[in-house]
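Let's take a walk through a protein model together. Keep the sequence and the 3D view open as you read.

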Amino acid sequence: MRTWSGWALSVLGVVVAISGAATMVVLGPDSRLTTGPHAIETDAIAVVTAPKVIRWADVQVDILAEVPVRKPIFIGIGNTVDVQDFVGEAQRLEITRFKRPWDLDTRDVEGAPNLRGAPTAVDWWIDSSAGLGGASISTQLPDETVSVAILSVGSSNLSGLEVTLAYGVRGGFAKGAALLLLGLALLWVGVLVLRGVRARGDEDDDLEEEVVYVYVDEDGVEHEISAEEAADLEVVEELEEPVEAEDPAEPAAVPEPEPVAVPEPEPVAVPEPEPEAVPEPEPEAVPEPEPGPEPVAEHPPEHQPVAETVMYVYVDEDGVEHEVSEDELAEFEIVDEEDER
């Protein structure tokens, strides 16, 4: 779509620019086009434009009519109805078609050898002039149907008539220059649009695919990793995005990679460190009572009392008593329970 728009703007700009340039060349700095003098072969007493031959409006026209040997001549422009009524019965040359700058068709109309009256005596002319050997008018055509009449005065005719015509548009040269600039601007915009489309196509051709690996940690923070690091992890989803090739003059902007959902790693149960073993306090050793003199048996052997047995007890920190042997007794500090009391 942009390609067609670019071509349309370019072609339109060329056409408008050519029209403006042609207007400037044709009209010139004075905004007028002059043609002539052109000879009109006739021996009639009047040359008149037919109705609707002059179809312009708001056009500045300058008409110069010249005859040899200083014959009296009149030139005027007026409403077509008034002009046709004034020369209706006179012999005349009627211009039936006129094409710029100077191309016309004529016909001879038979009639009386004299006009109905003196053309200078009527007051309905829009613009008129009379003179010997030549006359001229300069006026802006009104928005109505008008006719131009070149008339002889007195008994002479219009043989040897030459007409010079100049017409133009007020400010036409400036308008042509404006059209030229407008056309050039449209052409430039069209060229820019075409260049943009072409450059966009070249950028699309230079695009290359690049795989970006993203790791999301347990806090939801993204980290870009290499392909080697990604091989050690579980890949949830792999997205391929086109990345513009780097321009040597200006680094191309690389789009940020889209976040890829990666499952959070399962927490690993770490065993709690075992508390350091607190050494148990050494059991207090109960001193062995010194053996005393053996009692004299006062009773018969069968009634002799049984010898007392010594028991060694270890009391831990919780107040629990533990019986220990004589071999284990060496590892504890012996405390006499009776002395403590």
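Why does Thr-139 count as buried? Because its relative accessibility is 11%, and buried means under 20% relative accessible area, with exposed being over 50% and partly exposed in between (1.4 Å probe, protein chains only).

Before going on, a quick word on ground rules. This is a predicted model, where local features need pLDDT of at least 70, side-chain atom pairs count only at pLDDT 80 or more, and totals for chains, interfaces and linings use all residues. Residues are numbered from 1 along each chain as its sequence is written, and side-chain values use heavy atoms, with hydrogens and water left out.

Back to Thr-139, which sits in strand 8 (residues 134-140). Helices (H or I, at least four residues) and strands (E, at least two) are DSSP runs, numbered from the N terminus. If you skip the neighbours within four places in sequence, Thr-139 is in contact (heavy atoms within 4.5 Å) with Val-59, Gln-60, Val-61, Asp-62, Ile-77, Ile-126 and Asp-127.

Now look at strand 4, residues 72-79, which is mostly covered: 6 of its 8 residues are buried. Which strands does strand 4 pair with? Two strands pair if DSSP finds at least two bridges between them. Strand 4 runs antiparallel to strand 7 (residues 127-132), joined by 6 bridges, and also pairs in the antiparallel sense with strand 9 (residues 146-152), over 7 bridges. Gly-76 shows both pairings: its bridge partner is Ser-128 in strand 7 and Ala-149 in strand 9. Handy to know here: in a regular strand the side chains alternate between the two faces of the sheet.

Next comes Thr-80, found in helix 2 (residues 80-87). Thr-80 is buried because its relative accessible area is 7%. Leaving out neighbours within four places in sequence, Thr-80 is in contact with Pro-51, Thr-145, Val-146 and Ser-147.

Finally, hop over to a couple of loops. Lys-52 is in the loop between strand 2 (46-49) and strand 3 (60-66), and its phi is near 65°, a positive value in a residue other than glycine. Lys-52 counts as exposed because its relative accessibility is 59%. Val-69 is in the loop between strand 3 and strand 4, and has a positive phi of about 50° although it is not a glycine. At 72% relative accessibility, Val-69 counts as exposed too.
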